[in-house]
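Here is a short briefing to read alongside the model. Please have the viewer open as you go.

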Amino acid sequence: MTENSEKSEKKVIKTLKIDVDKCNGCRACEIICSAFHATPRYSSNNPARSRIRVIRDPLRDVYVPVYAGAYTMAECAGRDQYTIDGKSYDECSFCRASCPSREEFKEPDSGLPLKCDMCEGEEEPLCVKWCMVDALTVEIREASPEDAEAEPEPEDLDIGLEALADKYGMEAVRTALARMGQPKE
Ligand code: SF4
Ligand code: SF4
């Protein structure tokens, strides 16, 4: 394979980079995402239909935006490991998958899985545009055709969670995460 043909096979992958330390929990990203995906477009907004959800614990000032990845049939494929202070956590709360065991990232009426499409057709993802504090940015990288469909590594979120742990202490963050991970009534 020549160098040129190798270059032409590279695909550009856009992902959302999340800085949890900047997020203030305003939920503007949820509102604009659900409005953009309403039918007809912008006819309504309902965060339950958003492809990005903000896990919030206002008492502790902890806000973690998580955007929807692919649907998974398995209740836990063990794919999302988050590292805080050198320890790994398998936290359902931060999982990007739409899966059978929780309500997040499912169309409320039909139950169909929701997935972030990077606001297809828009020049810039709308959640990024509407986030006034730059907690969301677009990251662009090149990938070979083999890994073009792969889910991005959650390392940016790891970095953000480490920052939270530095700010509030490991125990406070762990307690907040455990509470936020409880199934909703
Ligand atoms: S718009 Fe930005 S600051 Fe507001 S909740 Fe979403 S990510 Fe956080
Ligand atoms: S990029 Fe678009 S589809 Fe994805 S979470 Fe943001 S607003 Fe929703």
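This is a predicted model: local features need pLDDT of at least 70, side-chain atom pairs count only at pLDDT 80 or more; totals for chains, interfaces and linings use all residues.

Residues are numbered from 1 along each chain as its sequence is written, while chains are lettered from A and ligands numbered from 1 in the order in which they are written.

**Overall fold**

- The protein has five helices and six strands, where helices (H or I, at least four residues) and strands (E, at least two) are DSSP runs numbered from the N terminus.
- Read from the N terminus, the order of elements is α-β-α-β-β-β-β-α-β-α-α.
- Of the 185 residues, 28% count as buried; buried means that 20 or more other C-beta atoms lie within 10 Å of the residue's own, exposed that 12 or fewer do, and partly exposed covers the range in between, with C-beta atoms placed from the backbone.
- Among contacts between residues at least 6 apart in sequence, 68% join residues at least 24 apart; a contact means C-beta atoms, placed from the backbone, within 7 Å.

**The largest nonpolar core**

- This core has 28 residues, of which Cys29, Val64, Cys127 and Leu136 touch the most other members; a nonpolar core is a set of buried Ala, Val, Leu, Ile, Met, Phe, Trp, Tyr and Cys residues joined through C-beta atoms within 7 Å.
- At least two core residues each come from strand S1 (11-18), helix H2 (28-36), strand S2 (52-57) and strand S3 (62-67), and S3 gives the most, with five.
- Beyond its neighbours within four places in sequence, Val64 is in contact with Val20, Val54, Ile55 and Phe94.
- In H2, the buried residues are Cys29, Glu30, Ile32, Cys33, Ser34 and Phe36, and their cover includes S2, S3, helix H3 and strand S6 (136-143).

**Strands S2 and S3**

- S2 and S3 run antiparallel and are joined by six bridges; strands pair if DSSP finds at least two bridges between them.
- Across the pair, Asp57 stands opposite Val62 and Arg53 stands opposite Val66.
- Four residues lie between the strands of this hairpin, in which Asp61 takes a positive phi near 60°.
- Six of the six residues of S3 are buried, so S3 is largely enclosed by the rest of the structure.
- From S3, Val62, Val64 and Val66 point one way, and Tyr63, Pro65 and Tyr67 point the other way.
- In a regular strand the side chains alternate between the two faces of the sheet.

**The ligand shells**

- Around ligand 1 there are 15 residues, of which Cys23, Cys26, Ala28, Cys29 and Cys131 come nearest; a residue is near a molecule if its C-beta atom, placed from the backbone, lies within 6 Å of it.
- H2 and S3 each supply at least two residues of the ligand 1 shell.
- By class, that shell has 12 nonpolar, two polar and one charged residue, with Ala, Val, Leu, Ile, Met, Phe, Trp, Tyr, Cys and Pro counted as nonpolar, Asp, Glu, Lys and Arg as charged, and the others, Gly among them, as polar.
- The residues surrounding ligand 2 include Cys33, Arg51, Tyr67, Cys116, Asp117, Cys119 and Cys127, and the elements giving two or more residues to this shell are H2 and H3 (126-130).
- The ligand 2 shell has 10 nonpolar, no polar and two charged residues.

Methods:
Two residues are in contact if their C-beta atoms, placed from the backbone, lie within 7 Å.
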